[in-house]
Amino acid sequence: MSPRLSVVLLALTLAACGSSDPEGPGPTPDSGTVDAGTGDAGVPDAGEPDAGMDAGTLDAGVLDAGPVDAGPPLAIPNVLSGFGLFTGSPADGGLVPVEGNVPYTLSTVLFSDYAVKSRTLYIPPGKTAHYAPVDALDLPVGTLITKTFAFPADLRKPDQDVRFIETRVLVRQPSGWEAWPYVWNPAQTEADLATGSRARDVTFIDLEGETRSFRYSVPSKNQCQQCHHLVDEKGDQVMHPIGVKARYLHRTNTYGGVERDQLEYLASLGKLDGLPAQAELPKAPDAFDPQSANLDTRARTYLDINCAHCHNPKGTAGITSQLFLNFDNTSLFSLGECKRPGSAGAGVGGEFDIVPGNHAESILWYRLHTEESGKMMPQIGRTIHHAEGAQLIADWIDSMPAKTCK
């Protein structure tokens, strides 16, 4: 996404501040650049006990949610502007994050129906996040993470005729994380709290010049749990952020007109401690840039961010299926090679999650490629398939030394 589009998106992210809510972040317009994120998918695999190849998202992380921090819970406003995180609105082209609400982007795509996304991170004054090398940053109570989804009329002109659909807000309460969806009104002046699911008709021209029309689904508050829950040491499900991990944040962004590494920028603001030297920072490549890493690394990265939030040893889908798509999983079997799914059902393209050398007989690829309800993965978070992502996984499977699975 172009910088300009990013700005537009951010601009859209928040309409007038106003509502009721208290404890919102500070009010000064931020200089940062808006997230350029690509079609993230934000949504994740639903984690049905499917075993198979699910493409869910991964995360191998440690549960961040729960520790009891001090402070009263943040009141949740009925409108997005109530958080006080942005100025302006998509309607006036001025949706700009306030000072302290830091825009960030991820190093690779989290696919969501080709939606363009903008993301921000707000850490309250006087509080600091702690660095973690693998898991999500350890973020303090009062932290707000926003992700705004929008569609341009033509993906080839991503900064023109952009329609904002929804903004999701993750709130770190003293008791743990909560997810709150806000849906933008037709006038694009405000986004209203919508705890139940919503659907919006979306039409855009894709990168090939073809018109695409579909019914975009905004997840309900409860559906957010499908992607953001991990099982803790007590066996309880705990909500957890997905994208704010060092390996995805270790990339540059523009703040005040200057290119800065995002992690170092947060540290310079006093919002992140424990940051190691640059050379020690993990870095996930852009899954679609052949110059950034080899095919295996890029494919594993794509599976990690799009599927491993569910398909990891602490995710419900991972636990039931024993399919672990987190980037640091070293077991080829639990990665899916010649592994039969637990409950994929019939008509999913094959008998094994991955048949090395043959993507067409691999359930993993089939479920990423199909748009059939009940078979596609992730089960929520997308309606149409990610052609480039499915092709990346097909190329990866085909590059493996051929093997006959039994």
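Helices (H or I, at least four residues) and strands (E, at least two) are taken as DSSP runs, numbered from the N terminus. The model is predicted, so local features need pLDDT of at least 70 and side-chain atom pairs count only at pLDDT 80 or more, while totals for chains, interfaces and linings use all residues. Residues are numbered from 1 along each chain as its sequence is written, and side-chain values use heavy atoms, with hydrogens and water left out.

T370 sits in the loop that links α8 (363-369) and α9 (387-399). With 7% relative accessibility, T370 counts as buried (under 20% relative accessible area; exposed is over 50%, partly exposed in between; 1.4 Å probe, protein chains only). A polar atom of the T370 side chain lies 3.0 Å from the backbone nitrogen of E372. Setting aside residues up to four places away in sequence, T370 touches K375, M376, R382 and H385 (heavy atoms within 4.5 Å).

Next, the nonpolar cores, meaning sets of buried Ala, Val, Leu, Ile, Met, Phe, Trp, Tyr and Cys residues joined through side-chain atoms within 4.5 Å. The largest has 38 residues, and F151, F204, Y216, L303, I393 and W396 have the most contacts inside it. Elements giving at least two residues each include β6 (144-152), β10 (198-205), α5 (295-306) and α8, but α9 gives the most, with 6. Beyond its neighbours within four places in sequence, W396 contacts L303, L335, I354 and L364, among others. A second, separate core of 29 residues includes L121, V244, L249 and A284.

As for strand β3 (residues 101-104), both faces are covered: N101 and P103 are buried on one side, V102 and Y104 on the other.

Conventions
A polar contact is a pair of N or O atoms within 3.5 Å; within protein, one must be able to donate a hydrogen and the other to accept it, and residues adjacent in sequence count only if both atoms are side-chain atoms.
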